[in-house]
Amino acid sequence: MKNISLLGSTGSIGTQSLDVCRMHGYSVICLTANSRVDIMEKQIREFRPQLACMMCEKSAAELKIRIADLPTKVLCGMEGLIECAVYPGADTVLNSVVGMVGLEPTLEAIKAKKTIALANKETLVAGGRLVTNLAEENGVSILPVDSEHSAIFQAMQGMPSKKALKKIILTASGGPFFGKKLAELETVTAVDALKHPNWDMGAKITIDSATMMNKGLEFIEAKWLFDMKNEDIEIVVHRESVIHSAIVYQDNSMIAQLGVPDMRIPIQYALTYPEREASPVKELSLTDYAKLTFYEPDYETFKCIDVCKNAIKLGGLHPAAANGANEESVKLFLQGKIKFTDIAYLNNEAMIRACDKNDFTLKDVLEADKKARNYVIEAVQ
């Protein structure tokens, strides 16, 4: 029996995680969300968690009234989120919150020696060595939930030793604007950018896919998850999203993980690891696809990839700044206040202004994040 604390239960990853928990009869001990009270109430009534947390104070107050007939304790804000992350009744914390808000509860869950199933990119992008060192000190496993990192992790299960690994290959769908040039993206709207060809995701992650910032963030995440050199991580555009990523061994053998585009496979593997169980996902039929295609990324058009590559090359707090700036610029784009092409420019300008400090604390990361956001806001004003 698994006892799960699910952070970010009302989003795309969160609801699919509950599909997996429902199928396998896992006990959901804690649920957290930002502000979607209707969905949270339904989840609480089905899974009967001991704790529930809403980041929004008003939503927490409303939820408390709605579930007054149930024993679930309602918490609020970051303090409540952390309480759910360290709750003694949970053995696994599945972190699927979006954004920097996911970093601190991950760190606290690691200190509490919870197994971490990680779908929150920002934890490793912004926290980097701070997170990996703490996990090592506490003997805590970080199991990737992102489809790409899960694919790499799965492919590595047959690896005799780390020295056998030559490089890893991150696949990218290319998003809704694959094949377009920079000039064509000057006038695209949020509605255009939210039309992802393969995946059903939240708005922020879908925009990141359109700019290919998500692949840059995954590049940084892969470096920390798998302890790789920058030059040993390759990005390949694969439009069908069937090969979720691959690894190359020293003998040039390539091992890839394939499946239909459905996040419930990587979610389930993180929860059942090292075992494999029956899945709610349909079996992949290669003949249904007939062919699979692969392309080099267009770095001139999708400049966000290099923003992230340069950030991790510079090190220190540069990745945290790139991530913070991106969260703010995506928000402004969705509000119609900046152009799609402004996102990469703002992210890069904020990133290069970050501190070079390599021996950093959580406080330093949060400060770098704040400064990057403020730069974007001020630049737009």
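Two strands count as paired if DSSP finds at least two bridges between them. With that in mind, let's look at a sheet and a helix pair in this predicted model.

**The sheet**

Strand β8 (residues 165-172) and strand β10 (residues 243-249) run antiparallel and are joined by five bridges.

Stepping back, the open sheet has four strands in the order β9-β8-β10-β11, and its pairing is mixed. β9 (233-237) and β11 (254-258) are the edge strands with a single partner each, so one side of each has no neighbour in the sheet. On average, neighbouring strands here are turned by 20° against each other, direction ignored.

**The helix pair**

Next come helix α11 (residues 213-226) and helix α14 (residues 304-314), whose axes come within 6 Å and cross at roughly 25°. Angles under 35 degrees count as roughly parallel, and α11 and α14 are therefore roughly parallel to each other. The crossing of α11 past α14 is right-handed.

Here are the residues that meet:

| Helix | Residues in the contact |
|---|---|
| α11 | Met213, Gly216, Leu217, Phe219, Ile220, Lys223, Trp224 |
| α14 | Cys304, Ile305, Cys308, Lys309, Ile312 |

By class, the residues of this contact of α11 with α14 comprise nine nonpolar, one polar and two charged.

Methods:
Residues are numbered from 1 along each chain as its sequence is written. This is a predicted model: local features need pLDDT of at least 70, side-chain atom pairs count only at pLDDT 80 or more; totals for chains, interfaces and linings use all residues. Side-chain values use heavy atoms; hydrogens and water are left out. Helices (H or I, at least four residues) and strands (E, at least two) are DSSP runs, numbered from the N terminus. Axes are lines fitted to C-alpha atoms, for helices over the stretch in contact, and angles run from 0 to 180 degrees between N-to-C directions. Angles under 35 degrees count as roughly parallel, over 145 as roughly antiparallel, 65 to 115 as roughly perpendicular and the rest as oblique. A crossing is left-handed if the near helix is turned anticlockwise from the far one by less than a right angle, and right-handed if clockwise. Contact means heavy atoms within 4.5 Å. Ala, Val, Leu, Ile, Met, Phe, Trp, Tyr, Cys and Pro count as nonpolar, Asp, Glu, Lys and Arg as charged, and the others, Gly among them, as polar.
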